[in-house]
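Please look over the structure below before reading on. The briefing that follows is grouped by topic.

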Amino acid sequence: MLNSCVTHHHTGPVPGIMVWGGIGYHSRTPLICISGALNSQRYISEVLEPVVLPYLQGLTTAIFQQDNARPHVTRIVQSLFVNHQIELLPWSARSPDLSPIENTLSMVAQRLTQITPPAVTPDQLRQRVEAACSAVNPRTHPKAL
């Protein structure tokens, strides 16, 4: 199963950044930094086609989950999933604590708050987010999966 996170903002004295990442049972995707607003066409061209489709092709069985953000639920995105025969797991909007990606993001956010001084540039923040994500090991943090 793969879970995706498309919008994780970290704000403070540094402009926030948006990252997308996916986790699987034994693996994860690279993080993608997204600048500006994300629409369905950018979601397809910057996330789904270059990262998600190849990742899912490398798995024997997979179910993809994403939240109900507007770029995720448009007809063009839903058509891509149908055309590529990707099974979707519905997002449980009322129970984010049941989502592995939400739990993983919580651990990443906790790690980020422990780093001082705060990041002063978006690039520095991106590097810290990548390091924090890499440090979260689902095998040693069962709540992450």
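In this predicted model, the side chain of Gln66 comes to 3.1 Å from the backbone oxygen of His72.

**Setting of Gln66**
- Gln66 sits in the loop that runs between β4 (63-65) and α2 (70-73).
- Gln66 counts as buried because its relative accessibility is 7%, and the cut-off for buried is under 20%.

**Helices α4 and α5**
- Two packed helices are described by the angle between their axes and by the distance between the axes.
- For α4 (residues 100-113) and α5 (residues 122-135), the angle is about 125 degrees and the axes lie 9 Å apart.
- At that angle α4 is therefore oblique to α5.
- The crossing of α4 and α5 is right-handed.
- On the α4 side, the residues in contact are Val108, Arg111 and Leu112; on the α5 side they are Arg128, Val129, Ala132, Cys133 and Ala135.
- By type, the residues of this contact comprise 6 nonpolar and 2 charged, with no polar ones.

**The chain as a whole**
- The protein chain contains 5 helices and 5 strands.
- Read from the N terminus, the order of elements is β-β-β-α-β-α-α-β-α-α.
- The chain has 145 residues, of which 41% count as buried.
- Among contacts with a separation of 6 or more, 57% are between residues 24 or more positions apart.

Technical notes: Residues are numbered from 1 along each chain as its sequence is written. This is a predicted model: local features need pLDDT of at least 70, side-chain atom pairs count only at pLDDT 80 or more; totals for chains, interfaces and linings use all residues. Side-chain values use heavy atoms; hydrogens and water are left out. Axes are lines fitted to C-alpha atoms, for helices over the stretch in contact, and angles run from 0 to 180 degrees between N-to-C directions. Helices (H or I, at least four residues) and strands (E, at least two) are DSSP runs, numbered from the N terminus. Angles under 35 degrees count as roughly parallel, over 145 as roughly antiparallel, 65 to 115 as roughly perpendicular and the rest as oblique. A crossing is left-handed if the near helix is turned anticlockwise from the far one by less than a right angle, and right-handed if clockwise. Contact means heavy atoms within 4.5 Å. Ala, Val, Leu, Ile, Met, Phe, Trp, Tyr, Cys and Pro count as nonpolar, Asp, Glu, Lys and Arg as charged, and the others, Gly among them, as polar. Buried means under 20% relative accessible area, exposed over 50%, partly exposed in between (1.4 Å probe, protein chains only). A polar contact is a pair of N or O atoms within 3.5 Å; within protein, one must be able to donate a hydrogen and the other to accept it, and residues adjacent in sequence count only if both atoms are side-chain atoms.
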